[in-house]
Amino acid sequence: MKGRCKGQLATKLKMHGYPVVLDADWCLKVVNDEKALCLDATFYGNVARFINHRCLDANMIEIPVKIETPDHHYYHLAFFTTREVNALEELTWDYGIDFDDTDQPVELFQCRCGSKFCRNMKRSNRSNSAAAR
Ligand SMILES: C[S@@+](CC[C@H](N)C(=O)[O-])C[C@H]1O[C@@H](n2cnc3c(N)ncnc32)[C@H](O)[C@@H]1O
């Protein structure tokens, strides 16, 4: 494991409204989309908030790790490398962004991950050729 992600727990609906502090209890029930929890590191987090995105062939994946205590069950969002990583190689994570989704609540960045599988490549090429005109 390379690290754990810290942030504020928020429901999807309240993500940019009224975030709940990370230490909130998280029951092990199946939750529907509206009640699903997100980890928002916009205002609070640890070094994991500096992990950059890479489309598809990122070298890390996130795995929820269950932490059990006698009366609480928590999940920590842990990052694991998916292969050997060289010294000084950047650690990257696929944020899972759909760059074609125009209904996103937050403005999408122009992806510069450099992956040959970049999901934003067509758009980047379109913008670049538009800018060159
Ligand atoms: C979680 S932060 C990552 C850390 C950030 N690069 C920094 O220095 O604070 C996410 C932001 O980093 C930038 N970013 C991350 N991955 C990127 C990528 N593949 N291409 C372009 N910008 C990226 C975007 O501005 C994005 O909103």
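**Ligand surroundings and overall fold of the predicted model**

A nitrogen atom of the ligand is 2.8 Å from a polar backbone atom of R112. Taken alone, the ligand exposes 570 Å², and the protein buries 56% of that. Accessible areas come from the Shrake-Rupley method with a 1.4 Å probe; for residues, only the protein chains shown count as cover. The model is predicted: local features need pLDDT of at least 70, side-chain atom pairs count only at pLDDT 80 or more, and totals for chains, interfaces and linings use all residues. Residues are numbered from 1 along each chain as its sequence is written, and side-chain values use heavy atoms, with hydrogens and water left out.

N52 places a polar side-chain atom 2.7 Å from a nitrogen atom of the ligand. H53 has a polar backbone atom 2.9 Å from a ligand nitrogen. The residues around the ligand are R49, F50, I51, N52, H53, Y95, F109, Q110, C111, R112 and C113. Each is near the ligand, with a heavy atom within 4 Å of it. By class, this shell has six nonpolar, three polar and two charged residues. Here Ala, Val, Leu, Ile, Met, Phe, Trp, Tyr, Cys and Pro count as nonpolar, Asp, Glu, Lys and Arg as charged, and the others, Gly among them, as polar.

The protein has one helix and seven strands. Helices (H or I, at least four residues) and strands (E, at least two) are DSSP runs, numbered from the N terminus. From that terminus on, the elements run β-β-β-β-β-β-β-α. Buried residues make up 21% of the 133 residues in the protein. Buried means under 20% relative accessible area, exposed over 50%, and partly exposed in between (1.4 Å probe, protein chains only). The accessible surface of the protein comes to about 9,900 Å², of which 54% belongs to carbon and sulfur atoms. Among contacts between residues at least 6 apart in sequence, 58% join residues at least 24 apart. A contact means heavy atoms within 4.5 Å.

H53 belongs to strand 4 (residues 52-53). H53 is buried, with a relative accessible area of 7%. Its side chain makes polar contacts of its own. A polar atom of the H53 side chain lies 2.9 Å from the backbone nitrogen of Y95. The H53 side chain also reaches the backbone nitrogen of C55 at 3.5 Å. Leaving out residues up to four places away in sequence, H53 touches W93, D94, Y95, G96, F99, F109, C111, C113 and R119.

C55 is part of the largest nonpolar core, a group of six residues that also holds I97, F99, C111, C113 and C118. A nonpolar core is a set of buried Ala, Val, Leu, Ile, Met, Phe, Trp, Tyr and Cys residues joined through side-chain atoms within 4.5 Å. With residues up to four places away in sequence not counted, C55 touches D94, F99, C111, C113, S115, F117, C118 and R119. A second, separate core of five residues includes A48, M60, F79 and W93.

T92 lies in strand 7 (residues 92-93). At 6% relative accessibility, T92 is buried. Beyond residues up to four places away in sequence, T92 touches I51, N52, R54, A58, N59 and M60.

The loops hold exposed positions. E84 sits between strand 6 (73-81) and strand 7, and is exposed at 74% relative accessibility. The C-alpha atoms of E84 and N59 are 8.4 Å apart, although 25 residues separate the two along the chain. G114 is in the loop between strand 7 and helix 1 (121-132). G114 is exposed at 66% relative accessibility. From G114 to C55, 59 residues apart along the chain, the C-alpha separation is 8.4 Å.

Most residues other than glycine have a negative phi. L56, in the loop between strand 4 and strand 5 (60-68), has a positive phi of about 65°. L56 is exposed, with a relative accessible area of 57%. L88 has a positive phi near 70°. L88 lies in the loop between strand 6 and strand 7 and is exposed, at 91% relative accessible area.

Conventions: Polar contact = N/O pair within 3.5 Å; in protein donor to acceptor, adjacent residues only side chain to side chain.
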